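Please keep the model open in your viewer and follow the stops below in order. Each stop names what to select and then says what is there.

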Protein chains: 2
Amino acid sequence: MEGRNFLRYIFFLISIILLLIFTFLNLPSPLSHTTELLDCTTYSPWCTKPFSQHKNHYANFPKYPLDPLTIKEIQKVKKIINSIDEFSKKGYVLHSVVLEEPAKEVVVNWRKGRRLPPRKAAVVVRAVGVVHVLTVDIETGRVTRRETGDYSGYPIMTIEDMITATTAPLANADFNRSILERGVDLADLACLPIATGWYGKAEENRRVIKVQCYTMKDTINFYMRPIEGLTVLLDLDTQQVIDILDEGKNIPIPKAANTDYRFSTKKHTQKINLLKPISIEQPNGPSFTIENNHIVKWANWEFHLKPDPRAGVIISQVMIQDPDTGKIRNVMYKGFTSELFVPYMDPSDAWYFKTYMDAGEYGFGLQAMPLDPLNDCPRNAYYMDGVFVAADGTPYVRENMICVFERYAGDIGWRHAESPITGLPIREVRPKVTLVVRMAASVANYDYIVDWEFQTDGLIRAKVGLSGILMVKGSPYVNMNQVNQNEYLYGTLLSENIIGVIHDHYITFHLDMDIDGPSNNSFVKVNLQKEMTSPGESPRRSYLKAVRHVAKTEKDAQIKLKLYDPSEFHVINPNKKSRVGNPVGYKVVPGGTAASLLDHDDPPQKRGAFTNNQIWVTPYNESEQWAAGLFVYQSQGDDTLAVWSDRDRPIENKDIVVWYTLGFHHIPCQEDFPIMPTVSSSFEIKPVNFFESNPIMRIQPNSPKDLPICKASA
Amino acid sequence: MEGRNFLRYIFFLISIILLLIFTFLNLPSPLSHTTELLDCTTYSPWCTKPFSQHKNHYANFPKYPLDPLTIKEIQKVKKIINSIDEFSKKGYVLHSVVLEEPAKEVVVNWRKGRRLPPRKAAVVVRAVGVVHVLTVDIETGRVTRRETGDYSGYPIMTIEDMITATTAPLANADFNRSILERGVDLADLACLPIATGWYGKAEENRRVIKVQCYTMKDTINFYMRPIEGLTVLLDLDTQQVIDILDEGKNIPIPKAANTDYRFSTKKHTQKINLLKPISIEQPNGPSFTIENNHIVKWANWEFHLKPDPRAGVIISQVMIQDPDTGKIRNVMYKGFTSELFVPYMDPSDAWYFKTYMDAGEYGFGLQAMPLDPLNDCPRNAYYMDGVFVAADGTPYVRENMICVFERYAGDIGWRHAESPITGLPIREVRPKVTLVVRMAASVANYDYIVDWEFQTDGLIRAKVGLSGILMVKGSPYVNMNQVNQNEYLYGTLLSENIIGVIHDHYITFHLDMDIDGPSNNSFVKVNLQKEMTSPGESPRRSYLKAVRHVAKTEKDAQIKLKLYDPSEFHVINPNKKSRVGNPVGYKVVPGGTAASLLDHDDPPQKRGAFTNNQIWVTPYNESEQWAAGLFVYQSQGDDTLAVWSDRDRPIENKDIVVWYTLGFHHIPCQEDFPIMPTVSSSFEIKPVNFFESNPIMRIQPNSPKDLPICKASA
């Protein structure tokens with residue numbers, strides 16, 4: 001072959017190879033691939049189609065350093081794990097496979113167009129009872145980190161753990177007998193896997209769970225039909241029944257009447273149509289874009305958004321454009337719901353252990369089911385899918401797990417009208433439009449709606465709504481007049497034989513604030529102190545004086561909110577001043593301030609010690625992401641935010657993380673039966689001398705000519 | 001004339017008379033009537049056309065016992081006052097002319113179709129320096145009550161008081177010289193009338209006011225250009241200057257740059273259009289009706305709504321339909337913003353007295369200017385006008401003072417999805433649609449947006465938004481680096497030479513709760529107490545126990561909220577139990593919990609003592625409507641809610657009134673310059689065992705077929 005022809009041949013060959021590679025990477029995958037995903041017929045409803053309505057997840061590849069693992073990457077990880085004899089030969093369970101995020105500085109310095117930093121997976125794998133924490137380099141196929149440390153807790157349960165726990169007791173004859181004795185048909189049984197918490201030696205050194213059951217007879221709302229007092233202690237690994245506590249045999253199972261809340265089962269006469277159609281409309285389309293599946297750009301905001309099996313939603317690299325300079329400025333590197341703590345207030349045998357940690361025990365994201373378009377989110381919403389991993393390493397798609405939408409509620413961004421006093425003809429008003437990122441997790445009975453809301457004025461609101469179904473207790477009583485005055489019910493009689501037990505909800509947010517850069521922030525308490533005037537100084541005797549205190553170390557920033565000694569809580573960049581010399585910053589504006597009042601030595605409160613304060617500030621530490629510790633299931637509270645913070649590390653002019661806990665006390669009432677109207681609380685992070693002036697002074701008011709033209713549907 | 005013919009004649013005559021009367025009452029009034037209203041050319045902008053865009057107010061007549069006075073009724077009152085020699089001969093000023101509401105039992109027992117109870121006006125008239133409180137029977141023309149008691153304060157200023165106060169100092173040569181010395185042209189002057197509060201004997205026995213001025217040169221936002229330290233003490237009646245305090249001559253007047261916030265004055269390059277059009281759309285029309293101008297009916301709610309010159313908005317006879325029985329049930333007889341208290345935190349000469357009470361001093365409703373359609377309220381809003389009375393008795397129309405609209409913000413009323421744990425194919429979600437009643441008062445610089453929001457689940461939310469313009473202080477500094485470390489500025493340097501002074505806002509709501517009837521309610525504190533378990537009782541050491549305490553007397557119900565000793569606050573009807581035996585009730589859910597921390601002996605706090613607790617409960621007393629007392633201007637605090645409550649009257653199983661104070665601490669920041677993004681807080685009243693179960697279980701979800709079809713505007 002002559003030289004030129006040889007070159008032609010080589011060129012042709014390379015072209016074909018490149019074309020093949022390109023085709024392989026980008027074409028819709030052959031159907032055979034679907035066999036590598038969870039089969040919907042077997043795993044419904046937590047499987048989903050690999051081709052969701054939005055996109056072909058097979059063809060997806062990562063485009064940004066923080067992008068979650070793709071189906072292909074997860075399949076590679078599975079192969080790598082399988083290639084390790086220790087795992088493949090003796091069997092293994094994957095408790096978590098997620099992106100191991102590159103170091104913060106790598107992410108911050110990465111620029112579009114560059115090669116992605118090495119894609120790595122953080123893998124938690126359990127084999128022969130031992131938990132391994134691995135870092136797997138997806139490209140090289142190498143395991144670059146492997147730890148099998150002495151952890152006090154176990155990793156998040158797998159969905160398979162939870163499902164098998166609900167049926168395992170049926171293999172036990174004593175259990176079945178107990179059920180039948182209560183008059184319940186085994187076919188009607190619905191059981192729930194209840195994390196045991198940790199209450200001392202007896203339950204250590206093996207993964208255990210408690211199972212309690214309900215009857216589904218005549219209702220899908222089995223939560224309202226508890227088989228009270230029957231508690232099975234189960235070994236989560238062997239599925240063997242360790243113990244059965246069969247108390248409360250005298251307590252009747254509450255009736256099914258009026259418990260079904262489904263619209264489809266209502267008789268026509270029961271349906272109410274109180275309202276005419278109403279909708280948020282944007283006929284010109286939304287004002288946001290989502291680049292490369294994950295970068296949300298809206299108005300002056302920009303951030304990375306991704307689903308996470310543990311946190312639910314993670315927002316990263318939250319930045320806002322400065323209206324004066326046009327520059328994009330850093331606000332927060334990472335924000336997410338780090339942990340939940342839900343202690344019930346009943347110390348009796350069948351209830352004392354109900355002190356859930358929904359992120360670290362159940363996976364807050366794993367429980368975030370597909371959102372219901374038009375009802376969970378308005379018509380103008382965009383939906384994002386999650387890609388998660390089953391215990392055997394098979395990826396699956398959780399469709400419509402997150403929605404993003406613009407929200408106009410008729411609220412006012414700012415306004416001023418001149419009054420008759422001055423007589424000036426001024427009336428300037430700007431409507432408030434916000435961007436909402438939403439997910440809704442159904443952790444068995446309860447539903448948590450988590451919203452991140454962005455305002456054009458720079459404010460970010462984190463809001464948690466509680467709905468769903470109460471965890472109720474069977475009771476012998478049908479009316480309060482049967483209850484002896486000295487008897488305490490631990491809750492409210494909601495309906496005949498049903499008590500709604502008092503409980504708290506705490507949702508702890510991790511807020512890695514990076515005000516104008518990652519490494520130099522401080523936490524400042526601006527305390528409003530009552531100051532008395534000196535005699536003769538003023539006709540006034542008193543006023544409030546703002547006194548600034550910069551927190552030097554973590555203990556300075558363990559904040560218990562005080563109603564009568566109020567403060568603002570600023571995160572500032574002490575190295576950057578506004579034009580008139582104020583440090584630029586954001587403040588945390590508390591809301592949902594209920595505090596946990598359990599005894600600090602109570603085992604659940606030890607594990608939930610991150611709720612001892614509403615606010616904490618820690619120096620950034622890659623490993624301190626989860627407020628209850630890396631492994632929460634049956635943990636003893638030795639790896640919590642409270643423990644880290646007590647190290648009292650310096651936090652002044654450092655890269656710092658703020659933790660805020662939203663709290664709710666919930667005394668149930670009859671209106672919560674059989675399903676709860678949503679209750680919400682929120683807190684805010686809000687610019688404080690971050691901008692030189694009102695950043696939305698120049699936006700335009702609504703004008704009739706811009707609004708859509710609508711007509712009723714046919 | 002023969003008998004039959006005579007009868008025919010009489011019958012004919014009576015018919016003609018009736019026809020004439022009917023025509024007179026109902027036909028659009030002749031234009032000559034307009035001369036009896038404020039002339040817009042003279043009184044702009046607080047006059048308005050008698051024929052607003054919504055209705056012919058001349059033709060209006062009352063249809064419900066609580067309906068506000070009509071133009072005709074006001075004109076009759078004026079005639080009656082004029083017919084009293086004592087007033088007409090020596091001159092008088094009307095400070096307030098409003099409906100004297102019939103006794104509660106009369107209103108409650110009145111039924112549609114019956115004759116209205118006698119229409120009476122409550123009139124506050126000042127003549128020769130004496131304040132008279134009159135009840136005028138409009139039909140008979142008789143004054144049925146007349147009091148000239150010894151009041152510690154004066155009535156609400158008239159708009160005429162406020163306007164004349166702003167120009168009166170110009171008649172004083174010393175004042176003019178001081179202005180010129182500051183380099184301000186008299187033509188550029190804008191002055192504000194600042195209620196003096198009360199600080200002892202020196203200012204007693206005459207109506208005084210302080211006037212401070214600004215320059216309007218190069219900006220309409222003169223609030224940002226204070227002539228700092230120049231304070232005129234003025235006699236409000238004689239308009240004589242009593243004293244001029246001319247401090248702060250060394251303080252430059254801040255520049256006008258960047259203070260104008262109007263869209264119309266922005267250059268094209270300065271305008272930002274961040275967002276595509278978005279709108280709440282209801283092409284089938286709203287779901288509410290407003291009967292006879294004032295009875296609002298929406299979904300399961302029904303209430304009477306009216307504008308009020310002092311309170312702003314009054315909602316009365318708030319009732320909700322029980323979904324089980326179909327019956328309409330009483331919730332609240334009357335709800336309104338009773339008083340505001342806004343103390344500034346600067347004890348220096350030109351600032352110490354700034355401790356505004358915007359309802360009792362300025363008239364919160366008088367300052368509620370017309371709302372801006374599409375910006376203050378969404379497109380689907382209905383607007384209601386106010387009819388108020390000038391100092392000489394002339395009625396005028398405040399157009400679009402209140403708006404009513406349905407709000408859909410993409411929120412969730414309730415939801416539940418089953419998780420993989422149970423595998424049930426359930427996802428039931430209901431959207432949340434609410435009804436909002438809104439007004440916005442501009443009390444000089446500040447704008448208060450007051451929302452009453454009704455949810456179909458029975459919850460009522462009272463929300464106050466703060467926007468508008470800060471009251472700022474001139475300063476010699478242009479940068480914080482000029483400020484000595486020991487110097488305290490009483491606020492934040494917002495821009496060159498401008499300090500935003502720290503202040504509080506308190507808005508006290510009067511909530512006359514009538515749970516299932518007016519006369520038999522109790523206030524119950526449901527305290528969550530930490531309870532330790534006995535040794536061996538439980539693996540748990542602690543839990544929260546709900547302990548009910550029924551308040552016997554007023555002092556039992558003086559509630560200072562406690563974060564670490566939390567309670568729920570129920571208003572129950574102890575005589576009515578739910579099916580399972582819980583007393584029916586509503587609870588007050590606190591929010592905006594900032595408390596006033598001024599010294600109780602500080603003069604402004606004595607007058608604002610109603611903010612000493614967040615919650616108070618008083619027995620119903622017709623005369624106890626206004627938390628700071630009937631007459632607030634220069635009052636000494638001897639007629640406040642705190643004084644009434646200290647009588648410690650019995651409140652168990654009585655007709656009771658709950659008072660809730662929303663509080664804000666405001667440390668200004670640069671983002672508040674030159675106009676403030678809205679900050680909001682709200683509290684709720686919420687059913688608690690009022691319904692047998694979730695009252696919105698049967699409403700229907702959104703369905704694509706019901707939603708409107710919209711296209712972009714041309």
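This is a predicted model: local features need pLDDT of at least 70, side-chain atom pairs count only at pLDDT 80 or more; totals for chains, interfaces and linings use all residues.

Residues are numbered from 1 along each chain as its sequence is written, chains are lettered from A and ligands numbered from 1 in the order in which they are written, and side-chain values use heavy atoms, with hydrogens and water left out.

**First stop: a three-stranded sheet in chain A**

Select S21, S23 and S22 of chain A, which in that order form an open sheet of three strands with antiparallel pairing. The edge strands, each pairing on one side only, are S21 (472–474) and S22 (491–495), and from one strand to the next the twist averages 40°; for such angles, axes are lines fitted to C-alpha atoms, for helices over the stretch in contact, and the angles run from 0 to 180 degrees between N-to-C directions. S21(A) is joined to S23 (residues 498–501) of chain A by three bridges, the two strands running antiparallel, and here A:Gly474 stands opposite A:Ile498.

**Second stop: a ten-stranded sheet in chain A**

Next, colour the ten strands of chain A that form an open, antiparallel sheet in the order S16-S17-S18-S19-S20-S31-S28-S27-S25-S26. At its edges lie S16 (382–389) and S26 (542–550), each of which pairs on one side only, and the twist in this sheet averages 25° from one strand to the next. Seven bridges hold S16(A) and S17(A) in antiparallel pairing, with A:Tyr382 having A:Val404 in S17(A) as its bridge partner.

Most residues other than glycine have a negative phi, and most peptide bonds are trans. Zoom in on A:Ala444, whose phi is positive, near 60°; this residue is placed in the loop between S18 (427–443) and S19 (446–455) of chain A. Then move to A:Phe673 and A:Pro674, which are joined by a cis peptide bond with omega of about -5°, A:Pro674 being in the loop between S30 (656–666) and S31 (676–687) of chain A. In chain B, a cis peptide bond, with omega of about -5°, joins B:Phe673 and B:Pro674, and B:Pro674 is found in the loop between S30 (656–666) and S31 (676–688) of that chain.

Now show both chains and select the residues in contact (heavy atoms within 4.5 Å), which number 192 in chain A and 191 in chain B. The area buried between the chains is about 17,100 Å², with carbon and sulfur atoms giving 59% of it; buried area is the accessible area (1.4 Å probe) that two parts lose on being put together, summed over both. Of the area that chain A buries against chain B, A:Ile278, A:Ile421 and A:Arg540 supply 5%, more than any other three residues.

Where do S32 of chain A and S32 of chain B lead? These two strands (residues 709–711 in each chain) pair in the antiparallel sense over three bridges, and A:Lys711 stands opposite B:Ile709.

**Last stop: salt bridges**

A salt bridge here is a side-chain nitrogen of Lys or Arg within 4 Å of a carboxyl oxygen of Asp or Glu. The structure holds 100 of them over all chains, and 16 are found across the interface of chain A and chain B, including the one in which A:Asp599 meets B:Arg541 at 3.4 Å, N to O. Finish in chain B with B:Glu73 and B:Arg119, a salt bridge whose closest N and O atoms are 2.7 Å apart. B:Glu73 lies in helix H3 (residues 71–82) and B:Arg119 in the loop between helix H5 (104–109) and strand S2 (120–127) of chain B, so the pair ties together parts that are 46 residues apart in sequence.

Notes. Two strands pair if DSSP finds at least two bridges between them. Helices (H or I, at least four residues) and strands (E, at least two) are DSSP runs, numbered from the N terminus.
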